[in-house]
Amino acid sequence: MARRLLVMGNPAAGGAGEERRKAVLDVLGGGADVVERVTERPEDIGRALAEHADRVPVVLGGDGSLHTLVAELLARGELAERPVGLIPMGTGNDLARSLGIPLDPREAAEVVLRGRERPMDLLVAGDGAIVVNAVHVGVGALAAEEATPLKPWLRRVAYAAGALLAGVRAKGWHLRVRADGRTVADGRRRILMVGVGNGTSIGGGTPLTPQASPDDGLADVVVSFAVSPLARLTFGLLLRLGRQRRHDDVVTLRARAIAIDGEPVPANADGELCQAGPSYAWTVHPAAWRILAPAAAPREETR
């Protein structure tokens, strides 16, 4: 039986974006019953979900768009019942990379039509905020902040430029980090970055937690104490290669609950900047939602 789909997105004004959207709708319309809704604001998503409660929601966008959809389904109490589809049309598309969803929108549309429902873990903060792919505090969030005004011109390259600028500015923060109740950092040493990954990468392919699996009930955590100029440079190079665990000033682990507190530090969740705060905490909720994914998603090579 053909799937009944609710396709949502904020169409780009003309150009290649509009052409890709129409191509995706052609593919989906050829194999499913499709209703399209323009969702310019978060509240538009909730309205569309309510009007078409019997359809599978499909988002045209990146990690931030998927984040908004999952958060809305959670708020409506429908997250466990309604699988979601993703056509990666954002800047980074990191969760799609982790799941093996093709970055070509037409190929991704084929996955929505024929893919399997894959259970996914969800990171949930103390205030109810969620993370579908990854959250990081410290230099990575500064890098995203620097990259934001560059995205319209540099696209994915903006992340690399932002990381370079942030690497020069950041001197680290005094933070306490606990994982499943165990102290990883006691606040005496400065920390450059803490990353918590459900997916494998951030910033359009930077392998923050390359061994992470989004359905194993655990988050992968990386804590970098690399704050000296040379250590920052080395960490940055190793991070781009996914080999940061080889750095002497880096700790990696897996946990179900992660808590951070100390000096106010900026954060970035699913590509969206958060106001700097003095404390953060997340807990893994196993198999909390489902996404239409390829029948056999590729795994990252062990490094």
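A residue is called buried when its relative accessible area is under 20%, exposed when it is over 50%, and partly exposed in between (1.4 Å probe, protein chains only). By that rule L230 counts as exposed, because its relative accessibility is 61%. The structure is a predicted model, in which local features need pLDDT of at least 70 and side-chain atom pairs count only at pLDDT 80 or more, while totals for chains, interfaces and linings use all residues. Residues are numbered from 1 along each chain as its sequence is written, and side-chain values use heavy atoms, with hydrogens and water left out.

**Overall build**

- The protein has nine helices and 14 strands, where helices (H or I, at least four residues) and strands (E, at least two) are DSSP runs numbered from the N terminus.
- Of the 303 residues in the protein, 52% are buried.
- Among contacts (heavy atoms within 4.5 Å) with a separation of 6 or more, 72% are made by residues 24 or more positions apart.
- The protein exposes about 13500 Å², of which carbon and sulfur atoms supply 53%; accessible areas come from the Shrake-Rupley method with a 1.4 Å probe, and for residues only the protein chains shown count as cover.

- In helix α5, which covers residues 105-114, the buried residues are P105, A108, A109, V111, V112 and L113.
- At the start of α5, a side-chain oxygen of D104 comes to within 3.0 Å of the backbone nitrogen of R106.

**Salt bridges**

- Side chains of opposite charge can pair when their charged atoms come close.
- A search of the whole structure finds 19 salt bridges, each defined as a side-chain nitrogen of Lys or Arg within 4 Å of a carboxyl oxygen of Asp or Glu.
- R4 and D33 meet through their side chains in a salt bridge, at 3.0 Å from N to O. This pair links distant parts of the chain, since R4 belongs to strand β1 (residues 4-9) and D33 to strand β2 (residues 33-38), 29 residues apart.
- R4 counts as partly exposed at 35% relative accessibility, and D33 likewise counts as partly exposed at 33%.
- E78 forms a salt bridge with R82, with the closest N and O atoms 2.9 Å apart, and both E78 and R82 are buried.
- D249 and R189 are joined by a salt bridge between their side chains (3.5 Å, N to O). Because D249 lies in the loop between α9 and β12 (250-255) while R189 lies in strand β9 (residues 182-191), the pair ties together parts that are 60 residues apart in sequence.
- D249 counts as partly exposed at 24% relative accessibility, as does R189 at 43%.
- Salt bridges that share partners also join E40, R41, E43, D44 and R47 into one network.

**The surroundings of T39**

- T39 sits in the loop between β2 and α2 (42-51), and T39 counts as buried because its relative accessible area is 10%.
- Leaving aside residues up to four places away in sequence, T39 touches M8, G9, N10, D44 and I45; of these neighbours, D44 is one of the members of the salt-bridge network.

Note on methods:
Polar contact = N/O pair within 3.5 Å; in protein donor to acceptor, adjacent residues only side chain to side chain.
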